[in-house]
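Let's take a walk through a protein model together. Have a look at the sequence and the picture first, and then we will go through it piece by piece.

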Amino acid sequence: MMRKIAFIGVGNMGKGICHNLIEAGNEVSVFDMNRGAMELFKDKAYLAESALNAFSRSDVAFLSLPRTEIVESVVDSFIEQGVAGKLIVDTSTSYPISTRNLYKKVKAAGGALIDAPLIAGPQEAWDATLTIVVAGDKDVVDEYDNMFRSYCKSYDYVGESGNGHLMKLAQNWAGLLQACLYAQLYPVMAKHGIDQKTLYGVLNSEFFDNWFFQFYSKKYIEKNYHMDFALELMLKDLTYMKRLCDELNVPGFMLDGAIDLCRVSLKEGRDRGVKQDCSCVAETMYQYVGID
């Protein structure tokens with residue numbers, strides 16, 4: 001079934017989803033603040049002048065945006081224009097409490113909002129091999145089942161609005177803390193005389209082996225800090241997790257150290273005028289222990 005879709009935000013993750021929605025035969029309007037990112041879809045989609053321009057041409061609007069504050073601003077502008085009979089799908093890593101508030105506002109205005117964050121990376125998004133979680137009104141999810149399946153290999157319905165973003169943060173909570181853990185582990189052990197590759201070989205067992213261990217161990221050992229996931233986004237996600245703890249008035253014990261490490265590393269990068277991958281937290285630790 002062909003749908004009229006607006007896609008707002010065609011960065012690392014959004015461009016892959018957008019590509020597959022086009023391949024599925026939908027009529028897509030694209031907008032990104034970075035006009036260069038939109039050029040990938042020249043002659044394949046309508047290149048909109050603004051998010052509202054794209055939204056006005058659509059029945060469904062996908063959001064793939066870097067921060068909750070931007071999602072809130074965009075959705076509020078959609079509500080002001082009119083969302084009756086339309087669906088908004090937020091694939092961003094947004095703050096769940098905000099998502100639930102937006103859901104209520106959109107529904108009160110006659111529209112629908114689904115949070116459907118992604119459990120994978122840019123290549124999986126492009127290859128349509130993503131795993132995603134979907135939350136919101138079940139009847140709406142069921143109505144758009146074929147649309148979701150056009151850009152992922154599978155999805156899980158996880159209940160009421162906001163639960164999708166909670167699940168995404170749960171994954172990031174576990175995964176990004178591992179990234180910070182190994183960023184400290186390899187430099188400290190190396191300084192005490194344990195070769196990084198030897199350490200990896202011992203740890204590379206059924207007890208530790210997972211995607212995060214393999215991915216970040218390779219980057220830290222090779223000191224390869226190429227851009228995969230921006231450090232500023234890592235800090236944002238960790239801060240969202242801390243806010244979830246604050247909502248319950250409980251300490252974020254392990255989060256506090258990870259947030260401090262990210263902030264120190266991010267400041268160093270900004271002082272040098274460079275945009276950093278989240279793996280640069282290991283670069284910071286290597287500098288601290290005195291290893292080039």
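Predicted model: local features only at pLDDT ≥ 70, side-chain atom pairs only at ≥ 80, totals over all residues.

Helix H14 spans residues 280-289, and it is mostly covered, with 7 of its 10 residues buried. Those buried residues are Cys280, Val281, Ala282, Thr284, Met285, Tyr286 and Val289. What do they pack against? Their partners are helix H9 (163-191), helix H10 (196-203), helix H11 (211-222), helix H12 (231-247) and H13.

Now step back to the loop between helix H13 (253-272) and helix H14, where you will find Ser279. Is Ser279 buried or exposed? Ser279 has a relative accessible area of 0%, so it counts as buried. Setting aside neighbours within four places in sequence, Ser279 is in contact with Lys219, Tyr220, Asn224 and Tyr225.

Next, let's visit the sheet. It is an open sheet of 6 strands, with parallel pairing and the order S3-S2-S1-S4-S5-S6. At its edges are strand S3 (46-47) and strand S6 (112-115), each of which pairs on one side only. Helix H1 (residues 14-23) packs on this sheet and touches strand S1 (4-8), strand S2 (27-31) and strand S4 (60-63). The direction of H1 makes about 165 degrees with that of S1.

How many bridges join S5 to S6? There are 4 bridges between strand S5 (residues 87-90) and S6, and these two strands run parallel. Helix H5 (residues 96-108) lies across S5 and S6, running at about 160 degrees to S6.

With a relative accessible area of 3%, Thr99 is buried. Leaving aside neighbours within four places in sequence, its contacts are Ser94, Leu113, Asp115, Ser161, Gly162 and His165. The C-alpha atoms of Thr99 and Ile114 are separated by 8.9 Å, and these two residues are 15 residues apart along the chain.

What about the interior? In soluble globular proteins, nonpolar side chains tend to be buried together. Here, the largest nonpolar core has 54 residues, and Phe78, Met147, Phe148 and Tyr151 touch the most other members. Not counting residues up to four places away in sequence, Phe78 touches Ile8, Ala51, Leu52, Phe55, Ala61, Leu63, Val83 and Ile88. There is also a second, separate core of 37 residues, which includes Tyr95, Leu177, Tyr220 and Cys280.

Finally, let's look for disulfides. A search of the whole structure finds 0 of them. Cys180 is in no disulfide, and its nearest cysteine sulfur, that of Cys262, is 4.4 Å away.

Key. Residues numbered from 1 in each chain as written. Heavy atoms only, no water. Core = buried A, V, L, I, M, F, W, Y, C linked by side-chain atoms within 4.5 Å. Buried < 20%, exposed > 50% of the residue type's maximum accessible area, 1.4 Å probe, protein only. Contact = heavy atoms within 4.5 Å. Pairing = 2+ DSSP bridges. Axes fitted to C-alpha atoms, helices over the stretch in contact; angles between N-to-C directions. Disulfide = S-S within 2.5 Å.
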